[in-house]
Amino acid sequence: KTSWMARLKAGLAKTSNNLSLLFVGARIDEDLYEELEAALLMSDAGMDATQYLLDNLRRKVKEDKLLDPAAVKNALKELMIDLLRTLEKPLELGRHEPLVMMIAGVNGAGKTTSIGKLARHMQTYEQSVLLAAGDTFRAAAREQLMVWGQRNNVTVISQASGDPAAVAFDAVQSGKARGMDVVMVDTAGRLPTQLHLMEELKKIKRVIGKGMEGAPHEVLLVIDGNTGQNALAQVKAFDDALQLTGLIITKLDGTAKGGVLAAIARTRPVPVYFIGVGEKLEDLQPFKAEEFVEALLG
Ligand code: GDP
């Protein structure tokens, strides 16, 4: 636990330093609130979440007559935990046979890496996993997934050519026939500018539903934690099109600012199932608001 928390802390260090420094020897006055506002906006929290946090902080400081900067910082921490806790939700396994998941995300967000990590996570819970290589556009992506599947004992369904919706449909049929616990359907990454290709994703989702009633049970979006406010735009666009059930936020070990989770919580609260804190298979962690805020404001 220490090592990934250390990486998360290092990743969020910029925001953490910016916020923490404000409280050192500070007077609780208008200047402090203004500086806090700037720091929160810089952290990608966005206008709405920033106002929400500051309004509540002012109220709390007044009600509890807080004078000590450390106590004010603590109050902010608690408000942040309460806000982010609305995004906390564990991914429940074993509810369906199989549990069918569809995974989307723009190119480079960390989708392939996260699917690998997720498969590993599920295997540790003794879940058998079948993967559908829905990225039929990039041969290299498909091959990469096949190789990875062999190495990790995960069956990968793939078709050299054709319709990603057909691959998804086959995978669901195959998953049912083989009695798999989980079927994960990978989809081709979109460029952030190609959000109109959303129609194809909608079709994949529809076709999965024809293969199994009520499926997909989970529709996940993988987003890069470094993309700031753009991450929020992605959540909105994909949620409008696909009715997301969860998010995976990657690369929080890098140079992420972290505030975007507050923006998501306030404006489009899709649960965050996992966070990515590194490139290795074990670097996927269930999202816990308290741990995250500890890294952000500890
Ligand atoms: P895709 O295009 O969305 O499938 O993205 P990839 O899975 O290929 O990932 C793009 C790059 O980001 C790769 O170099 C990954 O190793 C890296 N990456 C993915 N997740 C994380 C993470 O949580 N932390 C770090 N540091 N790198 C990550």
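How many positive and negative side chains does the protein have, and how far apart do the centres of the two sets lie? There are 36 positive and 38 negative side chains, and the centres of these two sets are 3 Å apart. The model discussed here is a predicted one, and its secondary structure comes to 12 helices and 8 strands.

**Overall form and surface**

- For a chain of 298 residues, a compact globule would have a radius of gyration near 19 Å, and the value of 21 Å found for the protein agrees with that expectation.
- Taken along the principal axes, the box that the C-alpha atoms fill is roughly 65 × 35 × 35 Å.

**The nonpolar core**

- The largest nonpolar core has 106 residues, and those with the most contacts inside it are Leu8, Leu57, Leu84, Met101, Leu118, Met184 and Leu247.
- Helix α5, which covers residues 69-85, gives the most to this core, contributing 8 residues.
- Leu8, one of the residues with the most contacts inside the core, touches Leu252, Ile275, Val277, Phe292 and Ala295 when residues up to four places away in sequence are not counted.

**The loop between α5 and β1**

- Pro90 is found in the loop that runs between α5 and β1 (99-104), and this residue is exposed because its relative accessible area of 63% is over 50%.
- Although Pro90 and Pro286 are 196 residues apart in sequence, their C-alpha atoms are 7.0 Å apart in space.
- Pro98 also has its place in the loop between α5 and β1, and the peptide bond that leads from Glu97 to Pro98 is cis, with omega near -5°.

**Asn152 in the loop between α7 and β3**

- Asn152 has its place in the loop between α7 (139-151) and β3 (155-157), and it is buried because its relative accessible area of 13% is under 20%.
- Leaving aside residues up to four places away in sequence, Asn152 touches Arg120, Gln123 and Leu281.
- Asn152 and Ala119 are separated by 33 residues in sequence, and their C-alpha atoms are 8.9 Å apart in space.

**Residues with positive phi**

- Asp44 has a positive phi of about 75° although it is not a glycine, and this residue is found in the loop between α3 (30-42) and α4 (46-63).
- Asp44 counts as buried, since its relative accessibility of 14% is under 20%.
- Lys251, another residue other than glycine, has a positive phi near 60°, and Lys251 lies in the loop between β6 (246-250) and α11 (260-267).
- At 33% relative accessibility, Lys251 counts as partly exposed.

Conventions
Residues numbered from 1 in each chain as written. Predicted model: local features only at pLDDT ≥ 70, side-chain atom pairs only at ≥ 80, totals over all residues. Heavy atoms only, no water. Helix = DSSP H or I, 4+ residues; strand = E, 2+ residues; numbered from the N terminus. Rg over C-alpha atoms; globule rule 2.2 N^0.38 Å. Lys, Arg positive; Asp, Glu negative; His and termini not counted. Charge placed at Lys NZ, Arg CZ, Asp CG, Glu CD. Core = buried A, V, L, I, M, F, W, Y, C linked by side-chain atoms within 4.5 Å. Buried < 20%, exposed > 50% of the residue type's maximum accessible area, 1.4 Å probe, protein only. Contact = heavy atoms within 4.5 Å.
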